[in-house]
Amino acid sequence: MQEILDFLDIKPGQHGLDATLGYGGHTRKMLEKLEGHGHIYGLDVDPIESEKTKKRLRDLGYGEDILTVKLCNFADIDKVAEEHGKFDFVLADLGVSSMQIDNPERGFTYKADGPLDLRLNPEKGISAAERLKQMDMEEIAGMFVENSDEPYAEEIAREIAKRNRKHQYIETTTGLKEVIETTLSFIPEKERKEAVKKSCQRCFQALRIDVNQEFEVLESFLTKLPGILA
């Protein structure tokens, strides 16, 4: 946090953009630096968590005069700049946030049972479970390699594809974990627990990147970034 504030060197009166609002921790510290003068726009694609964060920051006294929260993907920063003008500073804290992981209903963690969803905005696109039904073995393996360097990508993809053919679809987080455990049963027992854990982390990450099109979104953000800075 301190390194970010030192680097951005925010001055009262400036206009800033927090491209990944999340819990609002960074936004709050940046708002403090404005000392009541200027404006920050906070973007988030998660309608559930952004509403909670907006209320949290409003309760701290940050009203519409200094803070605007927009339900918007940071791939569309050019549209935000068209509407509100260019920005003096921009922060993007990439990755998934703890609020999403902590809610089993969102399907971000293999440690709790829940629907295999993984969408940052559950109102748009298709879930990870639906995505796995659509893909063939080569596509699933390619996704696991491309998005997380999964060493057992082919073996896990083969098991998923086999179940798809039998209409034994993977609908839950524990369902995917069980597939990974079954697939890696050939690993010696003393190494298996750690191997399963690591493969679960990688496969869930790969699916999250896929269903939220994270690489495409990031490329769009980076391409448009120079054009929105004052």
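Let me start with one side chain. Arg208 has a relative accessibility of 13%, so this arginine counts as buried, the cut-off being under 20%. Please keep in mind that this is a predicted model. Arg208 sits in helix 10. What is Arg208 in contact with, once neighbours within four places in sequence are left aside? The list is Val96, Phe108, Leu118 and Glu214.

A second residue of this kind is in helix 8, namely Asn164. Asn164 counts as buried because its relative accessibility is 11%, again against a cut-off of under 20%. Not counting residues up to four places away in sequence, Asn164 touches Leu132, Lys133, Met135 and Tyr169.

Now the chain as a whole. The protein chain has 230 residues, and 48% of them count as buried. Its secondary structure consists of eleven helices and four strands. The C-alpha trace spans about 60 × 30 × 30 Å along its principal axes. As for contacts with a separation of 6 or more, 67% of them link residues 24 or more positions apart.

In what order do the four strands lie? The order is 3-2-1-4, in an open sheet with parallel pairing. Strand 3, residues 67–71, and strand 4, residues 89–91, are at the edges; each has a single partner strand, so one side of each has no neighbour in the sheet. On average, neighbouring strands are turned by 15 degrees against each other, direction ignored.

Strand 2 deserves a separate look. Strand 1 and strand 2 run parallel and are joined by four bridges, and Asp18 stands opposite Gly42 in strand 2. Strand 2 and strand 3 also run parallel, with five bridges between them. Here Ile40 stands opposite Leu67 in strand 3.

How many of the six residues of strand 2 are buried? Six of six are, so to speak for the record: the strand is mostly covered. His39, Tyr41 and Leu43 point one way from strand 2, while Ile40, Gly42 and Asp44 point the other way. Helix 2 lies across strand 1, strand 2, strand 3 and strand 4, and runs at about 170 degrees to strand 2.

Over to helix 9, residues 173–183. Its buried residues include Thr173, Gly175, Leu176, Val179, Ile180 and Thr183.

Last, the largest pocket. The space in it comes to about 1,100 Å³. It is lined by 41 residues, and the closest to its centre are Val45, Asn73, Leu120, Asn212 and Glu214. Glu214 has come up already, as a contact of Arg208. Which elements each supply at least two residues of the lining? They are helix 2, strand 2, helix 5, helix 10 and helix 11. By residue type, the lining divides into 18 nonpolar, 14 polar and nine charged.

That is what I have on this model.

Definitions and conventions: Residues are numbered from 1 along each chain as its sequence is written. This is a predicted model: local features need pLDDT of at least 70, side-chain atom pairs count only at pLDDT 80 or more; totals for chains, interfaces and linings use all residues. Side-chain values use heavy atoms; hydrogens and water are left out. On a 1 Å grid over the protein atoms alone, a cavity is a set of points where a 1.4 Å probe fits but cannot get out, and a pocket is an open set with protein on both sides within 12 Å along at least five of seven lines; lining residues have an atom within 4 Å of a point. Grid points are joined across faces, edges and corners, and a volume is the space filled by probe spheres set on the points. Ala, Val, Leu, Ile, Met, Phe, Trp, Tyr, Cys and Pro count as nonpolar, Asp, Glu, Lys and Arg as charged, and the others, Gly among them, as polar. Two strands pair if DSSP finds at least two bridges between them. Axes are lines fitted to C-alpha atoms, for helices over the stretch in contact, and angles run from 0 to 180 degrees between N-to-C directions. Contact means heavy atoms within 4.5 Å. Buried means under 20% relative accessible area, exposed over 50%, partly exposed in between (1.4 Å probe, protein chains only).
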